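Please look over the sequence and the structure shown here before reading on. The report after them is meant for a reader who meets this structure for the first time.

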Amino acid sequence: MRDRFGRRATTTAIIAVVLLLSVTIATAQETDYLAPRTAAGNPDLNGIWQSINTANWNIEPHAAAPGLARELGASAAVPPGLGIVDGGEIPYLPQALAQRDENFANRLDLDPEIKCYLPGVPRATYMPFPFQIIQSTQHIMMVHEYAGAVRTIYMENHTLPPAPSWMGWSNGSWDGETLVIDTRGFNDQTWFDRAGNFHSDALHVTERFTARSADTLMYEVTIEDSNVFTRPWTMSMPLYRRVEANAEILEFRCVEFVEDLIYGHLRKQPDSQSQ
Amino acid sequence: MHHRFISSGSIAATVIAMSLLTANPVAAQTPDPTPVAGYTVPRTADGQPDFEGFWSNATYTPLQRRDGVAGEFYTAEEVAASEARAAERESAQTVPGTTADVHYDFTQFGLDRSQSTLASSLRTSLIFDPPDGRIPPRTTAGERIMAQREEQARLRGGRFDAVENNQLSDRCIIMGGAGPPMMNMVYNSNYQIVQSRDYVMFLIEMIHDARIIPLDGREQADANVRQWMGTSRGHWEGDTLVVETANFNGKNPIRGSTENMIVTERFTRVDDETIVYRFTIDDASMWTRPWSAELPMKKTIGPLFEHACHEGNYGLYNTLVGARREERLAAEAAAALKSN
């Protein structure tokens, strides 16, 4: 017994030391890593990046669950995830929480991803598709493989959004090692995930991209939308470089894949061909 | 065995002969343009020619030289007169109650080419090779492909019978001119260029199509990766950006091109306002020889707006609803006639 207790205590102590060490290392990386510089002297965030998490299914912590298409079995089931919302829970207003649950119940009809609509921000960043950062001094482009969604981050000549849009209007600036992007001017059509988490057209997104090693970025987001949430809230996750030498953003031009779903019922029927 | 060697040998000979014919696209043989006297091409921080910014290639110049027009160039006066006529035609008011009238009113929304930055050119046609300014004749195989496509289109039925029978642009899949080659369109012929050390990105305003051109000398992608816009590889030749694109899926042809098309584009900045854009189309499955065209890209004011085409595609939906309604009304009228 004591022997076993003793061993267990030793194991626990070792784990604690390892955890402490790794926490120290992680903190050190986050605070001390200096990204290589572009020729213009800014942190170089160029590259093809991708998240490795299940936030696109649900940004809140969630267990595995069956999918909606029975015929697709395990291939379309929901993978589990610890979530990316800091604190775990989104601070919805009561009415908005009811709306989220209704969205979830009707997600097959309502999720904009199913119709190949532009994903909005920050969902575009953590969808299970790569995106590429192309960085110049005046502009930073984010080109997403999913639906060919594009963001132009204006590093100069900041202006107000000219009109509501799916991907918003982004003004960027450097805060030391961190790229800070202020995005407004959204419409109310996009979701944060497949679980019906949503926002209104008052959404204001502040993103922080910070290199934490040669091949990882830290991605931190603040969400503000007083129509839907009781207070601002944050999410965070690492992003990983696609290090394959031949990595390339390919076409996922999904409009073609959803035409029958959206317009199929408007097909000319054989019995009306006699006209 | 021996037989197989001979035949593969003759295939190899044919391939060599073909590549001799097509290895040097004509645009490459034509010297790249040089900057106007006194103009120094600006550099990015990485030292590459700086193309960054917003550009338009809206033009009234036809791709092919019109019948009865001789010579490669008009005079400046002739171009001005011709553009004025074209602008007048484009802004002509539509007749109330017609389909044209309920579609876009181009002029009202500033979509006329004459209301945007016009990429004027003295050329009588964008095509400069062959020298007659016309797309070269099709090969026999090319004629057969065109006939097959016509037959397939006929079998699909009427344009409004099903969503797939509509034009790609109506379906918001891709614009005809998105390319490559990047052809001017009826409106919104706007582009944004952003450069990093290893990539050049062209954002095409229409349907937010971004082309990302790697400059790192990588090999062309596997030939099984067929895409609407192909896969592009770029490099600098002096101050000219050269982009070669292959691996097309062939579903958005330019003037009948096939999935075997290779497009070579050459971008040269010649003054503060102008990038000369040349391209060569090489598709031995369709044409008897490559053909090349040139059009300027003119500096314009930004920004580009989000062209969320599919997301707001009420036009396609309503067109199909209308077609089904007309069928129903016709059927009811026929039934009423029969019962009388």
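## The model and its confidence

This is a predicted model, in which local features need a pLDDT of at least 70 and side-chain atom pairs count only at pLDDT 80 or more, while totals for chains, interfaces and linings use all residues. Residues are numbered from 1 along each chain as its sequence is written, chains are lettered from A and ligands numbered from 1 in the order in which they are written, and side-chain values use heavy atoms, with hydrogens and water left out.

Chain A has an average pLDDT of 90, and 87% of its residues score at least 70, pLDDT being the predictor's confidence in each residue, from 0 to 100. Over residues 1-29 of chain A, however, the pLDDT is below 50, and this stretch has 2 contacts in the model beyond near neighbours in sequence (a contact means heavy atoms within 4.5 Å).

## Disulfides

Over all chains, the structure holds 2 disulfides, a disulfide being a pair of cysteine sulfur atoms within 2.5 Å. In one of them the sulfur atoms of A:Cys116 and A:Cys254 are 2.0 Å apart, and the torsion about their S-S bond is about 80°, so this disulfide is right-handed. The pair links distant parts of the chain, 138 residues apart, with A:Cys116 in the loop between helix H3 (107-110) and helix H4 (123-126) of chain A and A:Cys254 in the loop between strand E9 (233-241) and H5 of chain A. Helices (H or I, at least four residues) and strands (E, at least two) are DSSP runs, numbered from the N terminus. A:Cys116 counts as buried at 3% relative accessibility, and A:Cys254 counts as buried at 5%; buried means under 20% relative accessible area, exposed over 50%, and partly exposed in between (1.4 Å probe, protein chains only).

B:Cys172 and B:Cys309 are also joined by a disulfide, with 2.0 Å from S to S, and with -70° about the S-S bond this link is left-handed. B:Cys172 lies in the loop between helix H5 (140-156) and strand E3 (190-195) of chain B, and B:Cys309 in the loop between strand E10 (291-299) and H6 of chain B, so the pair ties together parts that are 137 residues apart in sequence.

## Aromatic rings

A search of the whole structure finds 19 aromatic pairs over all chains, where rings of Phe, Tyr and Trp (its six-membered ring) pair if their centres lie within 6.5 Å, and planes under 30 degrees apart count as stacked, over 60 as edge-to-face and the rest as tilted. A:Tyr154 and A:Trp169 form a stacked pair, 5.0 Å centre to centre with 20° between the planes, and both of these residues are buried. The rings of A:Tyr263 and B:Tyr317 have their centres 6.3 Å apart and their planes at 50°, so that pair is tilted. This pair crosses between chains, from helix H5 (residues 255-263) of chain A to helix H6 (residues 314-339) of chain B.

In chain B, ring pairs link B:Phe202, B:Phe267, B:Tyr277, B:Phe279, B:Trp287 and B:Trp291 into a cluster.

## A buried loop residue

B:Thr258 lies in the loop between strand E7 (240-246) and strand E8 (262-271) of chain B, where it is buried, with a relative accessible area of 3%. Not counting residues up to four places away in sequence, B:Thr258 touches B:Ile145, B:Arg149, B:Gly250, B:Asp283, B:Ser285 and B:Met286.
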